[in-house]
Amino acid sequence: MGWESLSALLGPLGSPFLWQQMTQALKETLLMVSLSLVLAELGGLPLGVLLVVSGPGHLRPNPVLHHVLGIVVNVGRSLPFIILMVAIIPFTRLIVGTSIGTWAAIVPLTVAAIPFVARLVETSLLEVDPGVIEAAQAMGASFSQIIGRVLLPEALPSLIAGATITAINLVGYSAMAGAIGGGGLGDLAIRYGYQRFQVGVMIVTVVILVLFVQVVQVVGDSLARRVDHR
Amino acid sequence: MAVATQAAGILSDSREAAPLVEVEHLTKRFRQGRREIVALDDVSFAVYPGEIFGVMGLSGAGKSTLIRCINLLERPDAGRVTVAGQEMTRLTGRSLMQARRRIGMIFQHFALLSSRTVAGNVAFPLEIAGFPRPEIRRRVDELLELVGLSDRAAAYPSQLSGGQKQRVGIARALAPEPVLLLSDEATSALDPETTLSVLRLLQEINRRMGLTILMITHEMHVIREICHRVAVIDQGRLVEIGPVAQVFSRPQSEAGQRLLRAQLQEDVPADILNRPRDSSHRLFRLGFLGEVAHEPVVAEVVRTLPVMLNVLFGRIEQLGGVPWGRLVVEISGTPAAVEEARQYLKRRGVEVEEIRPVDQESAAVPSPARVEGGAA
Ligand SMILES: Nc1ncnc2c1ncn2[C@@H]1O[C@H](COP(=O)(O)OP(=O)(O)OP(=O)(O)O)[C@@H](O)[C@H]1O
Ligand SMILES: [Mg+2]
């Protein structure tokens with residue numbers, strides 16, 4: 001590679017304007033991922049609990065509810081994110097007032113993550129030893145006591161691991177959301193690197209994204225380990 | 001009969017009280033695909049206050065189903081269960097929850113909460129029953145002291161041995177001061193030595209607090225070790241019930257005899273049971289229960305009859321508080337003399353059972369799942 005092409009590659013990185021944009025994009029990604037993670041957990045956790053307790057032989061078997069929830073979750077999970085994002089634009093407008101920008105991106109991100117979280121929560125809760133649930137029943141624990149004091153605490157390490165996976169997936173989805181004006185690192189990489197052929201910008205952005213995911217994973221793992229006494 | 005009166009004596013005081021647990025005509029069926037399994041078939045019995053009552057039976061006999069019907073983890077299809085005057089089978093929802101808090105339970109695989117420390121596990125039933133914090137702390141300290149785990153209060157279950165885990169399970173079960181303790185194969189996952197120490201703990205709790213214990217097990221030696229009375233269930237039916245000494249020394253039911261023979265095979269080395277024999281060399285299992293255990297019956301046989309008596313195996317243990325001697329002997333002589341010796345022993349009140357070759361016998365007896373070390 002010649003000297004000129006290298007300087008052409010790295011040239012734009014010297015621009016303070018670009019770095020300002022990058023900081024801004026990082027903040028946007030952080031906001032999108034963290035807020036939609038929290039909202040998706042708020043929605044997906046109860047859904048996952050409902051899926052589990054309505055299952056055969058569990059606390060409140062209810063084949064109809066179990067089945068319907070399962071279908072809803074599967075439909076939600078099988079829709080490609082781009083399509084979902086476009087399809088729910090009216091809903092996004094209704095909630096945020098606009099369908100463009102970081103705040104607007106949070107709506108489809110949350111909607112897409114809820115069924116994903118629900119399945120992960122279901123898997124985590126099913127791992128809890130049925131013998132322990134039965135012991136709690138034998139001790140006279142109520143339905144809500146079993147959920148709050150047995151199921152969720154016993155599954156906590158696994159729930160945290162699931163949230164970590166969700167957060168990382170959201171980083172990926174948020175890059176796509178960037179494409180329709182959601183902002184964030186992915187958006188930056190596409191606008192500068194792909195559309196304006198500034199490969200250097202794209203590489204730096206991707207490196208930041210990789211580091212971001214790495215940090216999420218490390219933090220998630222260490223949290224999960226700290227609460228794991230199994 | 002000396003045996004019967006002694007055995008009944010152990011229970012004479014508790015028998016006068018009203019039963020603590022009454023099981024009447026209990027029936028439970030399971031549907032498995034097309035097939036219907038009758039797990040419990042018209043089972044009735046009573047457990048008296050202060051008793052350690054054992055239920056034994058082979059795998060699949062319905063033991064777990066039975067104990068789970070007592071605290072209604074399983075709802076019976078028919079019949080009635082009454083615990084401490086309260087008809088469990090009538091309860092639902094909140095009243096059932098309240099009733100369950102008076103019945104402790106321990107499990108084969110301990111069923112401890114892995115997310116809680118030892119102290120947290122013992123506190124659990126008190127928390128859900130809404131005890132005030134200071135009282136919880138006091139009770140937890142007391143109980144950990146009782147089961148000898150005060151120094152492990154802050155440990156997590158994964159850091160404990162099996163025996164320690166079961167002690168936590170016992171402390172947890174005792175926390176709300178139950179009127180009854182249910183035990184579903186509580187020692188089956190433990191090695192023989194640990195089993196014995198857990199059984200001793202249960203026995204001590206029974207003696208010190210007068211706590212009634214209903215335990216199920218497929219291990220005969222567990223029953224022999226601490227139970228006062230025992231019931232045998234077979235294919236969902238209660239086929240035998242009585243003081244341990246009586247059921248173990250002369251089981252009336254087919255299932256009881258089978259269990260006992262399986263136990264014998266565990267106790268007596270196989271090469272002894274496999275010795276060649278014919279009409280002038282016969283192998284017998286002799287049981288001496290109570291009074292006979294102190295009499296020189298065997299010596300009398302040899303002195304008065306023209307036979308040789310070779311003792312191949314011997315053991316004396318306590319059976320529900322009654323001494324129980326067991327011998328495996330080979331009697332040799334003319335066929336007539338050997339037969340006469342057998343008759344003589346029988347007349348003297350000795351339990352006599354001829355031992356047929358193992359390969360013949362094992363065809364009829366399912367071999368024990370696991371060979372346990374003798375506990376005597
Ligand atoms: N939930 C269930 N669904 C269907 N069948 C069941 C269920 N629970 C028990 N059974 C059946 O009922 C019968 C009695 O089972 P149970 O567990 O009470 O036996 P057990 O005496 O405790 O045996 P083990 O010593 O192996 O524990 C068995 O045939 C078993 O397959
Ligand atoms: Mg069982």
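Guide: Helices here are DSSP runs of H or I with at least four residues, strands are runs of E with at least two, and both are numbered from the N terminus. The model is a predicted one, in which local features need pLDDT of at least 70 and side-chain atom pairs count only at pLDDT 80 or more, whereas totals for chains, interfaces and linings use all residues. Residues are numbered from 1 along each chain as its sequence is written, chains are lettered from A and ligands numbered from 1 in the order in which they are written, and side-chain values use heavy atoms, with hydrogens and water left out.

Visitor: What makes Glu142(B) and Arg139(B) a pair separated by about one helical turn?

Guide: Both belong to helix α5 (residues 133-146) of chain B, where they are three residues apart, and that spacing is why they are separated by about one helical turn.

Visitor: Why is the contact between Glu142(B) and Arg139(B) called a salt bridge?

Guide: The term requires a side-chain nitrogen of Lys or Arg within 4 Å of a carboxyl oxygen of Asp or Glu; the closest N and O atoms of this pair are 3.4 Å apart, so the contact qualifies. Glu142(B) and Arg139(B) also belong to a network of salt bridges that links them with Glu135(B), Arg138(B) and Glu177(B), and over all chains the structure holds 27 salt bridges.

Visitor: How do you know whether Arg139(B), Glu142(B) and Arg208(B) are buried, partly exposed or exposed?

Guide: Buried means under 20% relative accessible area, exposed over 50%, and partly exposed in between, with a 1.4 Å probe and protein chains only. Arg139(B), at 9%, is therefore buried, Glu142(B), at 38%, is partly exposed, and Arg208(B), at 58%, is exposed. Arg208(B) forms a salt bridge with Glu204(B), with the closest N and O atoms 2.8 Å apart, and Glu204(B) is partly exposed at 34%.

Visitor: What makes helix α4 of chain B largely enclosed by the rest of the structure?

Guide: Ten of the eleven residues of this helix (residues 118-128) are buried, so the helix is largely enclosed. Among the buried residues are Val118(B), Phe124(B), Glu127(B) and Ile128(B).

Visitor: How do you know that Cys69(B) and Cys227(B) are too far apart for a bond?

Guide: A disulfide is a pair of cysteine sulfur atoms within 2.5 Å, whereas the sulfur of Cys69(B) is 20 Å from the closest cysteine sulfur, that of Cys227(B), and is therefore too far away for a bond. A search of the whole structure accordingly finds zero disulfides over all chains. Cys69(B) is buried at 0% relative accessible area, and Cys227(B) is buried at 2%.

Visitor: What makes the pairing of Ser59(B) with ligand 1 a polar contact?

Guide: A polar contact is a pair of N or O atoms within 3.5 Å (within protein, one must be able to donate a hydrogen and the other to accept it, and residues adjacent in sequence count only if both atoms are side-chain atoms). A polar side-chain atom of Ser59(B) lies 2.5 Å from an oxygen atom of ligand 1, so the pair meets that limit.
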